[in-house]
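Hi,

Here is the structure I promised to hand over.

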Amino acid sequence: MDEQKKEEPKPAETPAPAAAAPKPPAKPAGPAPAPLDNELVRRLRARFGAAVGEATLDRKQAIVVIGRERLLDVCRYLKDEEKFDFLTDLTAVDWLTRSPRFHVILNLYSFSRNERLRLKVPVDGPCPSVTSVWGTADWLERECFDMFGVVFEGHPGLKRILLPDEWKGHPLRKDYDILKQDTDWVRENLGIESGQ
Amino acid sequence: MDQPNVTTTVLGADEIILNMGPQHPSTHGVLRVKLKLDGEKVIGSECIIGYLHRGVEKIGENRTYPQFAPYVDRTDYVAAVSNGLGYCEAVEKLLGAEAPPRARWVRTILTELQRIASHLLWLGTHALDIGAITPVFYTFREREEILKIFEKYCGARLTTHAFRIGGLQYETYDGFEEEVKAFCRDFEKKVVEYEELLTENRIWVQRTRNVGVLTPQDAIDMGATGPVLRGSGIRWDIRKAFPYAAYDQFQFDIPIGERGDTYDRYLVRMEEMRQSRRIILQAVESIPEGPILARVGKVIKPPPGEVYHSIEAPKGELGYYIVSDGTTQPYRLRIRPPSFINLEAFDKMVRGHLVADVVAIIGTLDIVLGEVDR
(Lines give C-alpha, C1' and ligand atoms only; values in the text may rest on other atoms or scores of the structure.)
Protein backbone atom coordinates (compact mmCIF):
# COMPACT_ATOMS: atom_id res chain seq x y z
CA MET A 1 0.00 0.00 0.00
CA ASP A 2 2.70 2.39 1.11
CA GLU A 3 4.69 1.78 -1.98
CA GLN A 4 1.77 2.62 -4.25
CA LYS A 5 0.89 5.81 -2.51
CA LYS A 6 4.45 6.92 -2.77
CA GLU A 7 4.53 6.17 -6.42
CA GLU A 8 1.49 8.08 -7.53
CA PRO A 9 2.53 11.63 -6.78
CA LYS A 10 6.00 10.92 -8.11
CA PRO A 11 5.60 11.96 -11.76
CA ALA A 12 4.23 15.37 -10.71
CA GLU A 13 6.95 16.33 -8.27
CA THR A 14 9.93 14.19 -9.33
CA PRO A 15 11.96 14.90 -6.23
CA ALA A 16 14.93 12.95 -4.90
CA PRO A 17 16.36 11.48 -8.10
CA ALA A 18 18.39 8.95 -6.09
CA ALA A 19 15.27 7.31 -4.70
CA ALA A 20 13.28 7.61 -7.90
CA ALA A 21 15.93 6.17 -10.17
CA PRO A 22 15.59 2.45 -9.35
CA LYS A 23 11.81 2.61 -9.38
CA PRO A 24 10.80 3.09 -13.01
CA PRO A 25 11.94 -0.31 -14.31
CA ALA A 26 10.00 -2.03 -11.54
CA LYS A 27 6.46 -0.82 -12.06
CA PRO A 28 5.56 2.08 -14.31
CA ALA A 29 7.41 0.55 -17.27
CA GLY A 30 5.08 -2.42 -16.95
CA PRO A 31 5.13 -4.39 -20.16
CA ALA A 32 2.22 -3.92 -22.51
CA PRO A 33 1.20 -5.98 -25.55
CA ALA A 34 2.34 -4.62 -28.91
CA PRO A 35 1.45 -5.69 -32.46
CA LEU A 36 3.72 -8.30 -33.97
CA ASP A 37 4.70 -8.43 -37.61
CA ASN A 38 7.57 -10.78 -38.37
CA GLU A 39 8.47 -13.18 -41.16
CA LEU A 40 6.56 -16.06 -39.63
CA VAL A 41 3.35 -14.07 -39.19
CA ARG A 42 3.61 -12.78 -42.76
CA ARG A 43 4.04 -16.30 -44.09
CA LEU A 44 1.07 -17.46 -42.05
CA ARG A 45 -1.08 -14.62 -43.34
CA ALA A 46 -0.07 -15.27 -46.93
CA ARG A 47 -1.01 -18.91 -46.63
CA PHE A 48 -4.09 -18.85 -44.43
CA GLY A 49 -5.46 -15.34 -45.02
CA ALA A 50 -8.37 -14.43 -42.79
CA ALA A 51 -7.90 -17.47 -40.53
CA VAL A 52 -4.90 -15.72 -39.01
CA GLY A 53 -6.14 -13.02 -36.70
CA GLU A 54 -4.36 -10.53 -34.54
CA ALA A 55 -0.68 -11.14 -33.83
CA THR A 56 0.84 -9.59 -30.72
CA LEU A 57 4.03 -9.53 -28.75
CA ASP A 58 3.40 -9.60 -25.02
CA ARG A 59 6.38 -9.66 -22.64
CA LYS A 60 8.53 -10.55 -25.67
CA GLN A 61 6.36 -13.61 -26.36
CA ALA A 62 4.70 -14.12 -29.71
CA ILE A 63 0.96 -14.74 -29.75
CA VAL A 64 -1.15 -15.38 -32.83
CA VAL A 65 -4.93 -15.72 -32.92
CA ILE A 66 -6.13 -18.51 -35.22
CA GLY A 67 -9.68 -19.21 -36.38
CA ARG A 68 -10.94 -22.62 -35.34
CA GLU A 69 -11.97 -23.62 -38.88
CA ARG A 70 -8.40 -23.72 -40.15
CA LEU A 71 -6.70 -24.66 -36.86
CA LEU A 72 -5.73 -28.16 -37.96
CA ASP A 73 -4.25 -26.90 -41.25
CA VAL A 74 -2.31 -24.19 -39.47
CA CYS A 75 -0.97 -26.68 -36.93
CA ARG A 76 0.09 -29.15 -39.59
CA TYR A 77 1.81 -26.36 -41.49
CA LEU A 78 3.56 -25.09 -38.35
CA LYS A 79 4.76 -28.55 -37.47
CA ASP A 80 5.86 -29.73 -40.91
CA GLU A 81 7.15 -26.57 -42.55
CA GLU A 82 8.01 -24.23 -39.70
CA LYS A 83 9.38 -27.01 -37.47
CA PHE A 84 7.30 -26.30 -34.41
CA ASP A 85 7.59 -29.95 -33.52
CA PHE A 86 6.87 -29.73 -29.80
CA LEU A 87 3.53 -28.99 -28.17
CA THR A 88 4.56 -27.68 -24.78
CA ASP A 89 1.15 -27.04 -23.36
CA LEU A 90 -2.51 -26.85 -24.27
CA THR A 91 -5.03 -25.17 -22.05
CA ALA A 92 -7.90 -22.69 -22.13
CA VAL A 93 -9.00 -19.41 -20.63
CA ASP A 94 -12.64 -18.67 -19.86
CA TRP A 95 -13.59 -15.08 -20.75
CA LEU A 96 -17.08 -15.32 -19.33
CA THR A 97 -18.48 -12.10 -20.82
CA ARG A 98 -16.76 -12.08 -24.21
CA SER A 99 -18.44 -13.37 -27.29
CA PRO A 100 -16.35 -16.37 -28.21
CA ARG A 101 -16.25 -17.36 -24.59
CA PHE A 102 -13.15 -19.56 -24.48
CA HIS A 103 -9.63 -19.15 -25.74
CA VAL A 104 -7.94 -22.46 -26.33
CA ILE A 105 -4.22 -21.83 -25.87
CA LEU A 106 -1.55 -23.87 -27.62
CA ASN A 107 2.03 -23.33 -26.58
CA LEU A 108 4.38 -24.48 -29.31
CA TYR A 109 8.12 -24.83 -29.31
CA SER A 110 10.61 -25.48 -32.07
CA PHE A 111 13.86 -27.25 -31.19
CA SER A 112 15.64 -26.17 -34.36
CA ARG A 113 14.69 -22.48 -34.03
CA ASN A 114 14.70 -22.40 -30.22
CA GLU A 115 11.56 -20.35 -30.39
CA ARG A 116 8.17 -20.43 -28.76
CA LEU A 117 4.85 -19.53 -30.35
CA ARG A 118 1.50 -19.25 -28.65
CA LEU A 119 -1.69 -19.88 -30.60
CA LYS A 120 -5.01 -18.62 -29.34
CA VAL A 121 -8.16 -20.16 -30.70
CA PRO A 122 -11.39 -18.37 -29.75
CA VAL A 123 -14.19 -20.94 -29.50
CA ASP A 124 -17.75 -21.03 -28.28
CA GLY A 125 -18.58 -24.59 -29.17
CA PRO A 126 -16.31 -27.42 -30.17
CA CYS A 127 -12.66 -27.02 -31.11
CA PRO A 128 -10.81 -29.28 -33.55
CA SER A 129 -8.51 -31.75 -31.84
CA VAL A 130 -4.79 -31.56 -32.64
CA THR A 131 -4.03 -35.08 -31.39
CA SER A 132 -3.25 -36.10 -34.97
CA VAL A 133 -0.47 -33.49 -35.09
CA TRP A 134 1.09 -33.82 -31.63
CA GLY A 135 0.58 -36.92 -29.48
CA THR A 136 0.87 -34.85 -26.30
CA ALA A 137 -2.46 -33.22 -27.04
CA ASP A 138 -4.31 -36.39 -25.98
CA TRP A 139 -4.16 -35.91 -22.22
CA LEU A 140 -3.96 -32.13 -22.43
CA GLU A 141 -7.21 -31.94 -24.37
CA ARG A 142 -8.83 -34.35 -21.96
CA GLU A 143 -7.80 -32.12 -19.08
CA CYS A 144 -9.05 -29.06 -20.92
CA PHE A 145 -12.39 -30.79 -21.52
CA ASP A 146 -12.52 -31.87 -17.90
CA MET A 147 -11.86 -28.41 -16.53
CA PHE A 148 -13.58 -26.17 -19.10
CA GLY A 149 -16.02 -28.38 -20.96
CA VAL A 150 -14.46 -27.52 -24.31
CA VAL A 151 -15.22 -30.40 -26.67
CA PHE A 152 -12.38 -31.43 -28.98
CA GLU A 153 -13.71 -32.82 -32.24
CA GLY A 154 -11.76 -35.79 -33.51
CA HIS A 155 -10.18 -36.71 -30.17
CA PRO A 156 -9.81 -40.51 -29.94
CA GLY A 157 -11.27 -40.84 -26.45
CA LEU A 158 -12.48 -37.62 -24.93
CA LYS A 159 -13.39 -38.23 -21.30
CA ARG A 160 -12.58 -36.74 -17.93
CA ILE A 161 -9.06 -37.26 -16.68
CA LEU A 162 -8.58 -35.65 -13.27
CA LEU A 163 -12.14 -35.68 -11.96
CA PRO A 164 -14.38 -38.73 -11.57
CA ASP A 165 -16.50 -39.59 -14.60
CA GLU A 166 -19.74 -38.76 -12.80
CA TRP A 167 -18.61 -35.24 -11.82
CA LYS A 168 -21.03 -32.45 -12.68
CA GLY A 169 -19.80 -29.22 -14.19
CA HIS A 170 -16.38 -27.97 -15.23
CA PRO A 171 -14.50 -26.39 -12.32
CA LEU A 172 -12.29 -23.90 -14.10
CA ARG A 173 -15.22 -22.16 -15.73
CA LYS A 174 -15.72 -18.76 -14.20
CA ASP A 175 -19.39 -19.44 -13.45
CA TYR A 176 -18.73 -22.73 -11.66
CA ASP A 177 -20.29 -22.33 -8.25
CA ILE A 178 -18.19 -24.14 -5.64
CA LEU A 179 -20.72 -23.52 -2.87
CA LYS A 180 -23.63 -24.85 -4.93
CA GLN A 181 -21.60 -27.93 -5.79
CA ASP A 182 -21.15 -28.56 -2.08
CA THR A 183 -24.73 -27.92 -0.94
CA ASP A 184 -26.15 -30.03 -3.78
CA TRP A 185 -23.85 -32.91 -3.02
CA VAL A 186 -24.65 -32.87 0.69
CA ARG A 187 -28.40 -32.71 0.01
CA GLU A 188 -28.28 -35.50 -2.52
CA ASN A 189 -25.94 -37.87 -0.74
CA LEU A 190 -26.54 -37.20 2.93
CA GLY A 191 -30.13 -35.99 2.81
CA ILE A 192 -29.44 -32.98 5.02
CA GLU A 193 -28.86 -29.27 4.47
CA SER A 194 -25.22 -28.27 4.18
CA GLY A 195 -23.92 -25.98 6.85
CA GLN A 196 -21.94 -23.94 4.31
CA MET B 1 -4.34 -42.49 -27.65
CA ASP B 2 -4.65 -46.22 -27.21
CA GLN B 3 -6.14 -46.03 -23.78
CA PRO B 4 -9.82 -46.59 -24.45
CA ASN B 5 -9.33 -50.04 -25.93
CA VAL B 6 -7.85 -51.41 -22.72
CA THR B 7 -11.22 -51.62 -21.14
CA THR B 8 -13.58 -51.58 -24.09
CA THR B 9 -12.15 -54.33 -26.28
CA VAL B 10 -13.14 -57.93 -25.76
CA LEU B 11 -10.47 -59.94 -24.02
CA GLY B 12 -8.83 -62.93 -25.70
CA ALA B 13 -8.80 -66.32 -24.02
CA ASP B 14 -5.39 -65.77 -22.39
CA GLU B 15 -5.82 -62.12 -21.57
CA ILE B 16 -6.60 -60.58 -18.23
CA ILE B 17 -6.96 -57.10 -16.80
CA LEU B 18 -4.80 -56.37 -13.78
CA ASN B 19 -5.31 -53.39 -11.53
CA MET B 20 -2.19 -51.86 -10.06
CA GLY B 21 -2.68 -49.19 -7.45
CA PRO B 22 -3.79 -46.68 -6.31
CA GLN B 23 -2.60 -48.33 -3.11
CA HIS B 24 0.66 -49.84 -4.25
CA PRO B 25 4.10 -49.12 -2.82
CA SER B 26 5.85 -48.77 -6.15
CA THR B 27 3.43 -46.46 -7.93
CA HIS B 28 4.94 -43.62 -5.89
CA GLY B 29 1.67 -42.27 -4.63
CA VAL B 30 -1.88 -42.72 -5.80
CA LEU B 31 -1.36 -43.72 -9.39
CA ARG B 32 -3.66 -46.44 -10.64
CA VAL B 33 -2.67 -48.38 -13.71
CA LYS B 34 -4.96 -50.80 -15.49
CA LEU B 35 -2.84 -53.34 -17.30
CA LYS B 36 -4.04 -55.64 -20.00
CA LEU B 37 -1.96 -58.78 -19.81
CA ASP B 38 -1.29 -61.77 -21.96
CA GLY B 39 0.27 -64.09 -19.43
CA GLU B 40 2.92 -61.89 -17.89
CA LYS B 41 3.29 -59.66 -20.92
CA VAL B 42 1.75 -56.19 -20.96
CA ILE B 43 -0.23 -55.59 -24.13
CA GLY B 44 -2.01 -52.40 -23.12
CA SER B 45 -2.32 -49.97 -20.26
CA GLU B 46 -4.40 -47.14 -18.99
CA CYS B 47 -3.37 -44.67 -16.30
CA ILE B 48 -6.15 -43.52 -14.02
CA ILE B 49 -5.17 -40.35 -12.24
CA GLY B 50 -6.79 -37.58 -10.28
CA TYR B 51 -6.86 -39.14 -6.81
CA LEU B 52 -4.83 -36.22 -5.49
CA HIS B 53 -6.58 -33.46 -7.42
CA ARG B 54 -6.90 -30.41 -5.21
CA GLY B 55 -7.89 -27.81 -7.79
CA VAL B 56 -4.66 -25.85 -7.46
CA GLU B 57 -5.33 -23.80 -10.59
CA LYS B 58 -8.79 -22.81 -9.31
CA ILE B 59 -7.29 -21.85 -5.96
CA GLY B 60 -4.81 -19.69 -7.85
CA GLU B 61 -7.63 -17.63 -9.33
CA ASN B 62 -8.95 -16.89 -5.86
CA ARG B 63 -5.73 -15.84 -4.16
CA THR B 64 -3.49 -12.84 -4.59
CA TYR B 65 -0.13 -13.41 -6.25
CA PRO B 66 1.91 -13.64 -3.02
CA GLN B 67 -0.79 -15.69 -1.31
CA PHE B 68 -0.58 -18.35 -3.96
CA ALA B 69 3.19 -18.83 -3.66
CA PRO B 70 3.01 -21.43 -0.85
CA TYR B 71 0.52 -23.49 -2.84
CA VAL B 72 2.98 -24.18 -5.65
CA ASP B 73 5.29 -25.88 -3.13
CA ARG B 74 2.63 -28.52 -2.77
CA THR B 75 2.42 -29.54 -6.41
CA ASP B 76 5.78 -31.28 -6.78
CA TYR B 77 6.31 -31.64 -3.06
CA VAL B 78 9.75 -33.20 -3.31
CA ALA B 79 11.08 -30.21 -5.28
CA ALA B 80 9.33 -27.27 -3.66
CA VAL B 81 12.22 -24.87 -4.21
CA SER B 82 12.08 -25.39 -7.98
CA ASN B 83 8.33 -24.80 -8.04
CA GLY B 84 8.76 -21.59 -6.11
CA LEU B 85 11.44 -20.38 -8.47
CA GLY B 86 9.26 -21.00 -11.51
CA TYR B 87 6.27 -19.25 -10.02
CA CYS B 88 8.17 -16.23 -8.68
CA GLU B 89 9.99 -15.73 -11.96
CA ALA B 90 6.76 -16.00 -13.92
CA VAL B 91 5.13 -13.30 -11.82
CA GLU B 92 8.26 -11.15 -12.06
CA LYS B 93 8.13 -11.46 -15.83
CA LEU B 94 4.49 -10.48 -15.74
CA LEU B 95 5.40 -7.43 -13.69
CA GLY B 96 8.41 -6.58 -15.84
CA ALA B 97 10.68 -6.84 -12.81
CA GLU B 98 13.85 -8.78 -12.24
CA ALA B 99 15.36 -10.14 -9.06
CA PRO B 100 18.68 -8.55 -8.02
CA PRO B 101 21.91 -10.48 -8.74
CA ARG B 102 22.43 -11.69 -5.19
CA ALA B 103 18.93 -13.18 -5.15
CA ARG B 104 19.48 -14.85 -8.51
CA TRP B 105 22.70 -16.46 -7.31
CA VAL B 106 21.17 -17.79 -4.12
CA ARG B 107 18.15 -18.99 -6.07
CA THR B 108 20.41 -20.91 -8.40
CA ILE B 109 22.26 -22.57 -5.52
CA LEU B 110 19.10 -23.60 -3.70
CA THR B 111 17.41 -24.84 -6.84
CA GLU B 112 20.38 -26.97 -7.79
CA LEU B 113 20.55 -28.39 -4.27
CA GLN B 114 16.88 -29.20 -4.71
CA ARG B 115 17.59 -30.94 -7.98
CA ILE B 116 20.16 -33.13 -6.24
CA ALA B 117 17.71 -33.84 -3.40
CA SER B 118 14.97 -34.75 -5.85
CA HIS B 119 17.25 -37.01 -7.87
CA LEU B 120 18.49 -38.67 -4.67
CA LEU B 121 14.94 -39.45 -3.65
CA TRP B 122 14.29 -40.80 -7.11
CA LEU B 123 17.45 -42.91 -7.09
CA GLY B 124 16.75 -44.45 -3.71
CA THR B 125 13.13 -45.33 -4.39
CA HIS B 126 13.74 -46.41 -7.99
CA ALA B 127 16.46 -48.82 -6.86
CA LEU B 128 14.21 -50.02 -4.05
CA ASP B 129 11.41 -50.74 -6.51
CA ILE B 130 13.72 -52.84 -8.63
CA GLY B 131 14.97 -54.75 -5.62
CA ALA B 132 18.19 -53.02 -4.61
CA ILE B 133 17.57 -52.09 -1.01
CA THR B 134 20.93 -50.55 -0.12
CA PRO B 135 21.01 -47.29 -2.17
CA VAL B 136 18.01 -45.75 -0.42
CA PHE B 137 19.88 -45.62 2.88
CA TYR B 138 22.80 -43.81 1.31
CA THR B 139 20.79 -41.39 -0.80
CA PHE B 140 18.58 -40.38 2.11
CA ARG B 141 21.69 -39.68 4.15
CA GLU B 142 22.83 -37.05 1.64
CA ARG B 143 19.34 -35.75 1.04
CA GLU B 144 19.11 -35.11 4.74
CA GLU B 145 22.14 -32.82 4.51
CA ILE B 146 20.42 -30.76 1.83
CA LEU B 147 17.19 -30.60 3.79
CA LYS B 148 19.17 -29.38 6.79
CA ILE B 149 20.53 -26.52 4.70
CA PHE B 150 16.97 -25.66 3.61
CA GLU B 151 15.77 -25.84 7.18
CA LYS B 152 18.48 -23.51 8.35
CA TYR B 153 17.78 -21.14 5.50
CA CYS B 154 14.01 -20.88 5.70
CA GLY B 155 12.79 -23.06 8.54
CA ALA B 156 11.14 -25.69 6.39
CA ARG B 157 12.46 -28.90 4.92
CA LEU B 158 9.94 -29.83 2.27
CA THR B 159 7.42 -27.11 1.51
CA THR B 160 9.99 -24.40 1.77
CA HIS B 161 8.46 -21.24 0.30
CA ALA B 162 12.05 -20.07 0.07
CA PHE B 163 11.61 -17.34 -2.53
CA ARG B 164 9.46 -14.33 -2.80
CA ILE B 165 8.20 -12.41 -5.80
CA GLY B 166 11.05 -10.04 -6.59
CA GLY B 167 13.83 -11.93 -4.85
CA LEU B 168 14.40 -13.90 -1.70
CA GLN B 169 12.36 -14.37 1.42
CA TYR B 170 15.42 -14.34 3.70
CA GLU B 171 19.06 -13.39 3.64
CA THR B 172 21.39 -16.39 3.81
CA TYR B 173 22.40 -17.48 7.29
CA ASP B 174 25.94 -17.22 8.66
CA GLY B 175 28.01 -20.09 7.39
CA PHE B 176 25.71 -20.84 4.47
CA GLU B 177 28.50 -20.78 1.93
CA GLU B 178 30.74 -23.04 4.03
CA GLU B 179 28.00 -25.59 4.57
CA VAL B 180 27.11 -25.70 0.90
CA LYS B 181 30.78 -26.09 0.00
CA ALA B 182 31.24 -28.83 2.59
CA PHE B 183 28.26 -30.67 1.16
CA CYS B 184 29.64 -30.40 -2.36
CA ARG B 185 33.07 -31.58 -1.25
CA ASP B 186 31.65 -34.75 0.30
CA PHE B 187 29.06 -35.29 -2.37
CA GLU B 188 31.58 -36.01 -5.10
CA LYS B 189 32.63 -39.18 -3.31
CA LYS B 190 29.06 -40.09 -2.54
CA VAL B 191 28.02 -40.20 -6.19
CA VAL B 192 30.90 -42.62 -6.80
CA GLU B 193 29.52 -44.72 -3.98
CA TYR B 194 26.08 -44.92 -5.59
CA GLU B 195 27.60 -45.75 -8.93
CA GLU B 196 29.64 -48.54 -7.39
CA LEU B 197 26.45 -50.07 -6.08
CA LEU B 198 24.52 -49.87 -9.33
CA THR B 199 26.19 -48.86 -12.56
CA GLU B 200 27.96 -52.14 -13.20
CA ASN B 201 25.74 -54.30 -11.07
CA ARG B 202 24.61 -57.12 -13.31
CA ILE B 203 21.14 -57.37 -11.86
CA TRP B 204 20.64 -53.61 -12.16
CA VAL B 205 21.80 -53.57 -15.76
CA GLN B 206 19.62 -56.51 -16.71
CA ARG B 207 16.59 -55.00 -15.08
CA THR B 208 17.01 -51.61 -16.78
CA ARG B 209 18.81 -52.10 -20.12
CA ASN B 210 16.33 -51.97 -23.03
CA VAL B 211 13.42 -51.59 -20.65
CA GLY B 212 10.95 -48.82 -21.43
CA VAL B 213 12.66 -47.59 -24.58
CA LEU B 214 11.45 -44.21 -25.80
CA THR B 215 12.69 -43.18 -29.23
CA PRO B 216 13.63 -39.52 -29.77
CA GLN B 217 10.69 -39.11 -32.18
CA ASP B 218 8.25 -40.50 -29.65
CA ALA B 219 9.75 -38.43 -26.86
CA ILE B 220 9.14 -35.24 -28.83
CA ASP B 221 5.72 -36.31 -30.00
CA MET B 222 4.64 -37.18 -26.47
CA GLY B 223 5.98 -33.91 -25.09
CA ALA B 224 8.48 -35.54 -22.75
CA THR B 225 10.91 -33.15 -21.07
CA GLY B 226 13.71 -33.27 -18.55
CA PRO B 227 15.76 -36.43 -18.03
CA VAL B 228 13.16 -38.46 -19.95
CA LEU B 229 13.76 -36.40 -23.10
CA ARG B 230 17.52 -36.25 -22.59
CA GLY B 231 17.68 -39.99 -21.94
CA SER B 232 16.33 -40.41 -25.46
CA GLY B 233 19.29 -38.52 -26.84
CA ILE B 234 17.98 -34.99 -27.27
CA ARG B 235 20.29 -32.40 -25.83
CA TRP B 236 17.77 -29.89 -24.62
CA ASP B 237 17.67 -28.14 -21.30
CA ILE B 238 15.82 -24.91 -20.51
CA ARG B 239 18.77 -23.76 -18.44
CA LYS B 240 20.62 -23.51 -21.75
CA ALA B 241 17.76 -22.83 -24.19
CA PHE B 242 16.15 -19.98 -22.21
CA PRO B 243 18.53 -19.20 -19.34
CA TYR B 244 16.85 -17.94 -16.18
CA ALA B 245 18.04 -17.14 -12.65
CA ALA B 246 21.85 -16.97 -13.02
CA TYR B 247 22.45 -20.02 -15.19
CA ASP B 248 24.01 -18.07 -18.04
CA GLN B 249 26.92 -17.27 -15.72
CA PHE B 250 28.05 -20.84 -15.09
CA GLN B 251 29.67 -23.66 -16.98
CA PHE B 252 27.88 -26.97 -17.08
CA ASP B 253 27.16 -29.80 -19.49
CA ILE B 254 23.91 -31.42 -20.52
CA PRO B 255 24.23 -35.20 -20.36
CA ILE B 256 22.23 -37.30 -22.81
CA GLY B 257 21.52 -40.98 -23.31
CA GLU B 258 21.90 -43.09 -26.41
CA ARG B 259 19.20 -45.72 -26.37
CA GLY B 260 16.40 -44.02 -24.47
CA ASP B 261 15.99 -46.90 -22.04
CA THR B 262 15.68 -46.97 -18.27
CA TYR B 263 19.43 -47.46 -17.82
CA ASP B 264 20.22 -44.38 -19.92
CA ARG B 265 17.83 -42.26 -17.92
CA TYR B 266 19.56 -43.52 -14.80
CA LEU B 267 22.94 -42.46 -16.18
CA VAL B 268 21.58 -39.06 -17.23
CA ARG B 269 20.27 -38.32 -13.76
CA MET B 270 23.52 -39.45 -12.14
CA GLU B 271 25.48 -37.09 -14.37
CA GLU B 272 22.97 -34.30 -13.74
CA MET B 273 23.72 -34.53 -10.04
CA ARG B 274 27.42 -34.07 -10.78
CA GLN B 275 26.67 -31.12 -13.02
CA SER B 276 24.44 -29.57 -10.38
CA ARG B 277 27.31 -29.85 -7.94
CA ARG B 278 29.50 -28.10 -10.47
CA ILE B 279 27.01 -25.24 -10.81
CA ILE B 280 26.66 -24.89 -7.04
CA LEU B 281 30.42 -24.69 -6.55
CA GLN B 282 30.76 -21.96 -9.17
CA ALA B 283 27.81 -20.04 -7.80
CA VAL B 284 28.76 -20.25 -4.15
CA GLU B 285 32.22 -18.84 -4.91
CA SER B 286 30.79 -15.79 -6.62
CA ILE B 287 27.65 -14.71 -4.76
CA PRO B 288 27.50 -10.94 -5.31
CA GLU B 289 26.76 -8.54 -2.49
CA GLY B 290 23.71 -6.35 -2.62
CA PRO B 291 19.98 -6.31 -2.00
CA ILE B 292 17.99 -9.54 -2.08
CA LEU B 293 14.66 -8.09 -3.10
CA ALA B 294 13.71 -5.96 -6.09
CA ARG B 295 11.27 -3.11 -5.58
CA VAL B 296 8.07 -4.70 -6.74
CA GLY B 297 5.70 -2.91 -4.41
CA LYS B 298 3.85 -4.32 -1.45
CA VAL B 299 0.76 -4.92 -3.54
CA ILE B 300 1.55 -7.09 -6.54
CA LYS B 301 -0.65 -5.82 -9.35
CA PRO B 302 0.69 -6.80 -12.76
CA PRO B 303 -0.50 -4.84 -15.78
CA PRO B 304 -3.03 -6.69 -17.98
CA GLY B 305 -1.49 -9.26 -20.25
CA GLU B 306 -0.13 -12.76 -20.09
CA VAL B 307 3.10 -14.61 -19.75
CA TYR B 308 4.44 -18.12 -20.04
CA HIS B 309 7.57 -18.86 -18.11
CA SER B 310 9.15 -22.24 -17.63
CA ILE B 311 12.13 -23.61 -15.78
CA GLU B 312 14.04 -26.86 -15.87
CA ALA B 313 12.65 -28.53 -12.77
CA PRO B 314 14.14 -31.87 -11.67
CA LYS B 315 11.28 -33.64 -13.47
CA GLY B 316 11.29 -31.61 -16.67
CA GLU B 317 9.79 -28.43 -18.03
CA LEU B 318 7.75 -26.77 -15.32
CA GLY B 319 5.82 -23.89 -16.83
CA TYR B 320 3.50 -21.25 -15.49
CA TYR B 321 1.06 -19.54 -17.82
CA ILE B 322 -0.49 -16.57 -16.07
CA VAL B 323 -3.13 -14.23 -17.45
CA SER B 324 -3.50 -10.96 -15.60
CA ASP B 325 -6.52 -8.67 -15.83
CA GLY B 326 -4.75 -5.93 -13.91
CA THR B 327 -6.07 -6.92 -10.47
CA THR B 328 -4.24 -8.42 -7.51
CA GLN B 329 -5.38 -11.94 -8.41
CA PRO B 330 -4.48 -13.92 -11.51
CA TYR B 331 -7.33 -14.22 -14.00
CA ARG B 332 -6.04 -17.59 -15.07
CA LEU B 333 -3.14 -19.54 -13.68
CA ARG B 334 -2.05 -22.63 -15.50
CA ILE B 335 0.69 -24.94 -14.31
CA ARG B 336 2.37 -27.00 -17.02
CA PRO B 337 3.27 -30.08 -15.03
CA PRO B 338 6.25 -32.11 -16.25
CA SER B 339 5.17 -35.27 -14.41
CA PHE B 340 1.70 -35.28 -15.97
CA ILE B 341 3.01 -34.96 -19.49
CA ASN B 342 5.90 -37.39 -19.00
CA LEU B 343 3.46 -39.95 -17.65
CA GLU B 344 1.57 -39.73 -20.93
CA ALA B 345 4.44 -41.61 -22.61
CA PHE B 346 4.01 -44.49 -20.14
CA ASP B 347 1.71 -46.50 -22.39
CA LYS B 348 4.20 -46.35 -25.26
CA MET B 349 7.04 -47.44 -23.02
CA VAL B 350 5.34 -50.29 -21.23
CA ARG B 351 3.90 -52.31 -24.09
CA GLY B 352 5.60 -55.64 -24.67
CA HIS B 353 7.30 -55.70 -21.29
CA LEU B 354 6.68 -57.94 -18.30
CA VAL B 355 4.68 -56.94 -15.24
CA ALA B 356 7.88 -56.65 -13.21
CA ASP B 357 9.17 -54.03 -15.67
CA VAL B 358 6.10 -51.85 -15.15
CA VAL B 359 7.52 -50.93 -11.76
CA ALA B 360 10.85 -50.00 -13.33
CA ILE B 361 9.14 -47.83 -15.94
CA ILE B 362 7.00 -45.97 -13.43
CA GLY B 363 10.17 -45.36 -11.43
CA THR B 364 12.22 -44.15 -14.38
CA LEU B 365 9.61 -41.53 -15.29
CA ASP B 366 10.14 -39.97 -11.85
CA ILE B 367 6.60 -38.77 -11.36
CA VAL B 368 5.15 -37.07 -8.33
CA LEU B 369 1.42 -37.50 -8.07
CA GLY B 370 0.91 -34.17 -6.40
CA GLU B 371 2.07 -32.62 -9.62
CA VAL B 372 0.28 -35.04 -11.94
CA ASP B 373 -3.07 -34.38 -10.27
CA ARG B 374 -2.51 -30.87 -8.95
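**What I found**

In chain A, 34% of the 196 residues are buried (a residue is buried if 20 or more other C-beta atoms, placed from the backbone, lie within 10 Å of its own, exposed if 12 or fewer, and partly exposed in between). Keep in mind that this is a predicted model, where local features need pLDDT of at least 70, side-chain atom pairs count only at pLDDT 80 or more, and totals for chains, interfaces and linings use all residues. Residues are numbered from 1 along each chain as its sequence is written, while chains are lettered from A and ligands numbered from 1 in the order in which they are written.

On confidence, chain A has a mean pLDDT of 80, with 84% of its residues at 70 or more (pLDDT is the predictor's confidence in each residue, from 0 to 100). Residues 1-28 of chain A stay under 50. For that stretch the model has 19 contacts beyond four places in sequence, a contact being two residues whose C-beta atoms, placed from the backbone, lie within 7 Å.

Chain A has eight helices and eight strands (DSSP runs numbered from the N terminus: helices are H or I with at least four residues, strands E with at least two). Of its contacts with a separation of 6 or more, 41% join residues 24 or more positions apart.

Eight residues from domain 1 of chain A and seven from domain 2 of chain A make the contact. On the domain 1 side, helix α7 (residues 137-148) of chain A gives the most, with three residues.

Now to the two chains together: 41 residues of chain A are in contact with 42 residues of chain B. Elements giving two or more residues to the chain B side include α4 (80-95), β6 (305-313) and β7 (316-324) of chain B. That side has 20 nonpolar, nine polar and 13 charged residues (nonpolar: Ala, Val, Leu, Ile, Met, Phe, Trp, Tyr, Cys and Pro; charged: Asp, Glu, Lys and Arg; polar: the others, Gly among them).

Last, helix α3 (residues 65-72) of chain B: Tyr65(B), Phe68(B), Ala69(B), Tyr71(B) and Val72(B) are buried there. They sit on the same side of α3(B) because they cover an arc of only 165 degrees around the axis, taken from the directions from the helix axis to the C-beta atoms. These buried residues pack against α2, α4 and β8 of chain B.

Cheers
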